[in-house]
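User: I'd like to learn how to read aromatic contacts in a protein model. Could you walk me through one?

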Amino acid sequence: MEDQLELKKRILDLELQLLKPHIRQSPVEIDKLLCEGFFEFGSSGTVWCKEDSVGGQGLSVRDMTLTNFEINLLAEGVVLATYHVKDLTRDQNTLRSSIWKLDNGHWKMFFHQGTLTES
């Protein structure tokens, strides 16, 4: 497996891809980034699954910035990413966490959670 710094860069790049409007609007691209069995606890309290994102128009498009990115290796081929997102479109801040799994040589998101915060 790659070293910690390279792994952090790779997972950060994947998280940033999921914030890009052209990726968020493409069910094909989203499908490449999410594991089978993916689920999310949204900041709205809604539980989402992969089919919700891939089966329709994709994800909502917002102007977002990501900061304070960190990873923790949970097991061989399993990584927890944590970070902060500023949603400029909705003027909201969220703490985010994602679990990424190595799937046939490709990192894919298995779980995601967003929690509203004041800053």
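**Reading the aromatic pairs**

Analyst: Happy to! The structure holds five aromatic pairs. Rings of Phe, Tyr and Trp (its six-membered ring) pair if their centres lie within 6.5 Å; planes under 30 degrees apart count as stacked, over 60 as edge-to-face and the rest as tilted. This is a predicted model, where local features need pLDDT of at least 70 and side-chain atom pairs count only at pLDDT 80 or more, while totals for chains, interfaces and linings use all residues. Residues are numbered from 1 along each chain as its sequence is written, and side-chain values use heavy atoms, with hydrogens and water left out.

User: What geometry do F41 and F111 form?

Analyst: F41 and F111 are edge-to-face, at 5.4 Å centre to centre with 80 degrees between the planes. F41 lies in strand β1 and F111 in strand β6, so this pair ties together parts 70 residues apart in sequence. Strands (E, at least two residues) and helices (H or I, at least four) are DSSP runs, numbered from the N terminus.

User: Is F111 buried or exposed?

Analyst: Buried means under 20% relative accessible area, exposed over 50%, partly exposed in between (1.4 Å probe, protein chains only). F111 is buried at 10%, whereas F41 is partly exposed at 36%.

User: Which residues do ring pairs link into a cluster?

Analyst: F39, F41, F110 and F111. The charged end of K101 also sits over the ring of F110, 4.6 Å from its centre; this requires NZ of Lys or CZ of Arg within 6 Å of the ring centre and within 35 degrees of the ring normal.
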